[in-house]
Amino acid sequence: MTDNVIRTERLTKSYGKSRGVVDLDITVNCGEIYGYLGPNGAGKTTTIRTLLDFIRPTRGRVTVFGLDAHADSLAIRRRVGYLPGELSLYKDMTGHGFLRYMAGLRGGVEWKYVETLAGHLACNLAQPIRTLSHGNKQKLGLVQAFMHKPELLILDEPTQGLDPLVQQRFYHLLAEARAAGRTVFLSSHVLPEVAKTCDRVGIIREGRLVAVEQVAALKAKALRRLEIRFAAAVPPAVFAGLPGVRDVRVENGALHCTVVGPLDLVVKTAAQFEVVDLVSHEPSLEEVFLAHYSSEEAGGRT
């Protein structure tokens, strides 16, 4: 489907002399998981707050479901499940009481589904919220976002504080939402998470949208730093001539290099020798930006 669920046109939000976001043109299609990727402070949360009319843009236009984000904000929120980046809960309630309260505000939800979600995320609903760890509060926030089966999920850094097992269960919920034809707008600063879960990725840097990529294209441009330790010395030139391989050097008996794109040829070349250890270091977002998307002022060309 190609209908836009979210559309922004030259969306700008300024905070006096401080930058918020600048001239954002974003489209999110029905039924896709759209990853909104950028380092902390890039403008991800500001964008989300304008989508939900929690703050008003300085200029530009925002529509959700084809409705004006300001004039039709209540109608939009009825159809949205939202997890904020800074989650604030009623500390004197239990998880069960909080979800019952939120369900009531929405006019009722299918409680069996709420219990299924809570079980899936290993959420203890009997504990007072004030006693919960950050990760357990995050799980409760996810349950309230998903529990009414919204048409659109807007999730701001949803996996922060979650242990790896619960993260995998969350990814399963995203896949179920996509299969049901629902739309997800997911902000993150974690590149592998976005690449794992999303269909398209918008990359924001210093308040500006610097790229929009299909995930397959993003993976093709993936940048990794490899450290390979061999049983015997290997000439660095063997790897330096491979496509996409950069910065080959030997330090402390290990071969180090940076690889842009698929690893297949590097792995096959390494397999011609006796490999003792191989470590792949995920790049930081800044490294990805500098490799593919930065301006000349921010870091030059690839």
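Reply: Two strands count as paired if DSSP finds at least two bridges between them; strands (E, at least two residues) and helices (H or I, at least four residues) are DSSP runs, numbered from the N terminus. This is a predicted model, in which local features need pLDDT of at least 70 and side-chain atom pairs pLDDT 80 or more, while totals for chains, interfaces and linings use all residues. Residues are numbered from 1 along each chain as its sequence is written, and side-chain values use heavy atoms, without hydrogens or water.

Strand E11 (residues 223-230) pairs with E14 (residues 275-281) through six bridges, in the antiparallel sense, and Glu227 stands opposite Val279 in E14. E11 also runs antiparallel to E13 (residues 254-260), with seven bridges; there, Ile228 has Leu255 as its bridge partner.

Now the helix, H6. Its 16 residues should span 22 Å at 1.5 Å a residue, and the end C-alpha atoms lie 23 Å apart, which agrees; the expected span is 1.5 Å times one less than the number of residues. At the start of H6, a side-chain oxygen of Asp163 comes to within 3.1 Å of the backbone nitrogen of Leu165. After the helix comes Gly181, with a positive phi near 85 degrees.

Val166, Phe170, Tyr171, Leu173, Leu174 and Ala177 of H6 are buried (under 20% relative accessible area with a 1.4 Å probe, protein chains only; exposed is over 50%, partly exposed in between). These residues cover an arc of only 155 degrees around the axis, which puts them on the same side of H6; the arc is taken from the directions from the axis to the C-beta atoms. On the other side, Pro164, Leu165 and Ala179 are exposed.

What do the buried residues of H6 pack against? Their partners are strands E3 (33-37), E7 (152-156) and E8 (183-188), together with helices H4 (111-120), H5 (134-146) and H7 (191-197); contact means heavy atoms within 4.5 Å.

The largest nonpolar core has 42 residues, and Leu174 is among those with the most contacts inside it, as are Leu99, Leu140, Phe146 and Leu155. Such a core is a set of buried Ala, Val, Leu, Ile, Met, Phe, Trp, Tyr and Cys residues joined through side-chain atoms within 4.5 Å. H6 (residues 164-179) gives the largest share of this core, six residues. Leaving aside residues up to four places away in sequence, Leu155 touches Phe170 and Leu174, and its other contacts include Leu83, Phe146 and Phe185.

Note on methods: Polar contact = N/O pair within 3.5 Å; in protein donor to acceptor, adjacent residues only side chain to side chain.
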